[in-house]
Amino acid sequence: MNIAVIFAGGVGARMHTKSRPKQFLELVGKPIIIYTLEIFDVHPEIDAIVVACLDSWIPFLEKMLRKFEINKVVRIVPGGGTGQGSIYNGLCAAEEYAKERGEENPIVLIHDGVRPLITEDTITDCIQMTREKGDCITCVPATETFIVRQPDGMFEIPTRDNSLIARAPQCFMLKEIIEAHRNSKREGLPDFIDSCSLMSYYGHTIHTIIGPMENIKITTPTDFFLFRAMVEVHENQQIFGL
């Protein structure tokens with residue numbers, strides 16, 4: 001069993017939206033999160049989807065799921081106070097759903113609700129890598145120079161050949177990722193920036209697959225404009241056969 005855990009519990013402060021959180025901003029009449037969910041919903045290897053959503057927006061999300069015929073969402077749970085908290089709530093719901101169906105340790109794909117340009121091939125590659133080798137994160141090659149500040153105040157500049165940018169989905173066996181979350185809660189460590197950082201902290205080996213460069217997270221107005229441009233490109237490709 002493969003379960004997608006989509007977290008959309010943030011308010012999107014960097015987007016500066018007034019009327020609604022960024023995951024519910026619309027493009028051509030469709031919320032960003034629906035673009036994201038559609039890719040997982042139609043993927044033949046995704047068996048179920050769990051969404052961690054802002055509590056007050058759950059009724060609106062349920063309405064959108066019906067409107068756009070998203071059929072694989074089996075649980076919607078309130079988000080947490082942090083991204084890590086939202087992911088944990090989603091993982092607990094995935095664990096409950098899996099146990100109801102006699103699945104002890106499904107693969108879970110953790111993905112941002114505001115990362116709508118994911119592709120079917122990337123989802124497939126993540127599942128396959130996790131099935132064969134274990135924990136897997138989607139990356140893209142670094143296209144700019146990273147500067148890393150060292151504890152002594154000096155800077156290290158890794159070569160681009162040795163640098164990747166972590167994106168999503170990030171894919172794990174459910175028992176392992178939920179155990180790491182529970183360990184971090186017991187130890188009072190709630191602020192890991194993402195799941196691969198959490199798993200690396202607890203000694204897990206992380207494998208990688210390379211995803212598409214356009215698989216961006218919609219965080220700022222600039223990101224939204226890029227997303228709009230990419231959607232227009234995809235529509236033109238379908239219309240004109242480009």
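A residue counts as buried when its relative accessible area is under 20%, as exposed when that area is over 50%, and as partly exposed in between, using a 1.4 Å probe and protein chains only. This is a predicted model, where local features need pLDDT of at least 70, side-chain atom pairs count only at pLDDT 80 or more, and totals for chains, interfaces and linings use all residues. Residues are numbered from 1 along each chain as its sequence is written, and side-chain values use heavy atoms, leaving out hydrogens and water.

Start with helix α4, residues 120–132. Helices (H or I, at least four residues) and strands (E, at least two) are DSSP runs, numbered from the N terminus. Helix α4 has 13 residues and reaches 19 Å from its first C-alpha to its last. That is close to the expected 18 Å, where the expected span is 1.5 Å times one less than the number of residues.

Which residues of α4 are buried? They are T122, I123, C126, I127, M129 and T130. These residues cover an arc of only 165° around the axis, so they lie on the same side of α4. The arc is that of the directions from the helix axis to the C-beta atoms. The face turned away from this buried side carries the exposed residues D121, R131 and E132. The buried residues of α4 pack against several elements, including β1, β6 and β10; contact means heavy atoms within 4.5 Å. After α4 comes G134, with a positive phi near 115°.

Now turn to the sheet. It is open, with 7 strands in the order β5-β4-β1-β6-β10-β7-β11 and mixed pairing. Two strands pair if DSSP finds at least two bridges between them. The edges are β5 (73–78) and β11 (207–210); each has a single partner strand, so one side of each is left without a neighbour in the sheet.

Look next at strand β1, residues 2–8. It pairs with β6 in the parallel sense over 6 bridges, and I6 has H111 in β6 as its bridge partner. Another 6 bridges join β1 to β4, also parallel. Here A8 stands opposite C53.

Is β1 buried or exposed? 7 of its 7 residues are buried, so β1 is largely enclosed by the rest of the structure. In a regular strand the side chains alternate between the two faces of the sheet. In β1, buried N2, A4, I6 and A8 lie on one side, and buried I3, V5 and F7 on the other.

Beyond β4 comes β5, joined to β4 by 5 parallel bridges. C53 has P78 in β5 as its bridge partner.
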